[in-house]
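Hi there,

Here is the structure I promised to pass on. Please have a look at it first, and then read my notes below.

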Amino acid sequence: MWRDAALVAGRDLRVELHSRVTTNQVAPFSVLVLILFAFALDPDRQLLERLASGLYWTAVLFAALLAISRSAAIDETDGVRDALRLSGIDPAGVFVGKAAAVAIILLGLEVLLGVGVVVLYGVDLAGAALVVVAALAATVAVAATGTLYGALVSGLRVRETLLPLLLLPVLAPVLIGATRAFEAALAGVPADGWPWCGLLAGLALLYAVAGALAYGTLLEGS
Amino acid sequence: MEQVVHLRAAVALLGRFPALAGFDLDVARGEIVLLRGPNGAGKTTVLRACAGLVPVVRGEAVVLGHDLRLDPRPVRRHVGLLGHATGLFDDLTAADNVRFWGRACGADAGDIAAAMALVGLDGRLRNVAAGRLSAGQRRRTSLACLLARRPELWLLDEPHAGLDHETRDQLDALIGRAVEQGATVLLASHELDRAESLAHRVVELAGGMTVAPAAPAPGMSRAGMHASPTAPREAPDPSPPEVTHVA
């Protein structure tokens, strides 16, 4: 399974490298969202600082929707799904590989958005360990859930509008957990944030296991 | 002789609709069998059913010793399907596509390089994004993906479509070489002159789902129904193939 996962992850990342959709479209879009939040809430700088965690993770989720939609589209073109079924690749490996590629792309976007939050919202970075662990756990949860739901809506004509409708409610606990953990870290009380990290890690594990188990059925059914 | 494909009264569904109803087909190892029939006769469905991509819900369906009705997945790794869709990623180069699908099927670097060389995928063409290739070049890339996995059963749906004359000849030679090495070929084509000269037998699909008994193709009419995989082929006979239709 791990060999298949590495193969699929490498393919998805190579596709992104060649197409430059993430760097030329998704990244500018997510920075634009941050800027629009700043326009909407400025000149109340204190309010921006207080809401920075929530705004940051909302921007991450918007960017994630685009990255997930793009990831699902890779396997929908010109008979690729049939070729995957014929290849004998472990469906769990396909799931893990696709989720890993989405997670790597998201981590890159999160770093970019983190810089944006510091520059635009004037946030002082604190509690780095909590921030990193919370971001990793939330990213895995978002990538795993997104990959699973991307396969679920695959092949439907309305998939682009249906995906956010299905995915965002499921990701609400991740948004809440990550925002609370970041708030605790930035407020200098990391002890309040670690329980939220535990919740995020639990969600990441749950979604990853569910995805690995269900992906084969979704691949056959689409 | 070992049966590679055995379908008896096979019923296959596309969604809720029966695409095959009571289909019979036996193909022995080393044979090249042509499926012939009008559009909508079910040729593509037969190929996809043999690949385990379309579920057979009734009848007998055994491919390469695996019962498709019990679990079609074990057979998939051993078949190669060249269909209307190419299975290529437009943003990856032709070489990256062949490498990915080759490695996915367990091929080593030597097999992958040999497959690319066999279809003339070399030089500048290897590094062109698949989305920028012509239809014929995409077909060749797709064929290289199939060759890299060294399938036991080749399932070819309109394999000559979109190819120039020279590449068609190369494809026919590749099919002949694969059969000499023990592969079995089931193909569907509307280019009857070329396909019939290639095939050992012709199976006629008529009335949508019903199949006529297999008859020798013109090129094999004197060689018998089951030619040896290594036997030299006879020159094509210009007379039309003997095919019996079943109403």
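How many residues of chain B are in contact with chain A, and how many of chain A with chain B? The counts are 22 residues on chain B and 18 on chain A. On chain B, β6 (79-82) and α3 each supply at least two residues of the side that touches chain A. The most comes from α3(B), which gives five residues. Sorted by class, that side of chain B has 13 nonpolar, six charged and three polar residues.

Before going further, please keep in mind that this is a predicted model. Its scores are ipTM 0.79 and pTM 0.83. For chain B the average pLDDT is 78, and 83% of the residues score at least 70. The stretch to treat with care is residues 220-247 of chain B, where pLDDT stays under 50; for that stretch the model has 48 contacts beyond four places in sequence.

Now to the sheet in chain B. Four strands form an open sheet in the order β2-β1-β4-β5, with antiparallel pairing. The edges are taken by β2 (17-28) and β5 (66-67) of chain B; each has a single partner strand, so one side of each is left without a neighbour in the sheet. The antiparallel pairing of β5(B) with β4 (residues 56-63) of chain B runs over two bridges, and Asp67(B) in β5(B) is the bridge partner of Val62(B). Helix α1 (residues 43-50) of chain B packs on this sheet, where it touches β1 (3-14), β2 and β4 of chain B. The direction of α1(B) makes about 65 degrees with that of β2(B).

Which of its residues are buried? They are Ile112(B), Ala115(B) and Met116(B). These three cover an arc of only 95 degrees around the axis, and therefore lie on the same side of α4(B). Gly110(B) and Ala117(B), on the other side of the helix, are exposed. What do the buried residues of α4(B) pack against? Their partners are α3 (94-104) and α5 (135-148) of chain B. After α4(B) comes Gly120(B), with a positive phi near 75 degrees.

Happy to hear what you make of it.

Best wishes

Conventions: Residues numbered from 1 in each chain as written. Chains lettered and ligands numbered in written order. Predicted model: local features only at pLDDT ≥ 70, side-chain atom pairs only at ≥ 80, totals over all residues. Buried ≥ 20, exposed ≤ 12 C-beta atoms within 10 Å, placed from the backbone. Arc of directions from axis to C-beta. Contact = placed C-beta atoms within 7 Å. Nonpolar A, V, L, I, M, F, W, Y, C, P; charged D, E, K, R; others polar. pLDDT = per-residue confidence, 0-100. Pairing = 2+ DSSP bridges. Axes fitted to C-alpha atoms, helices over the stretch in contact; angles between N-to-C directions.
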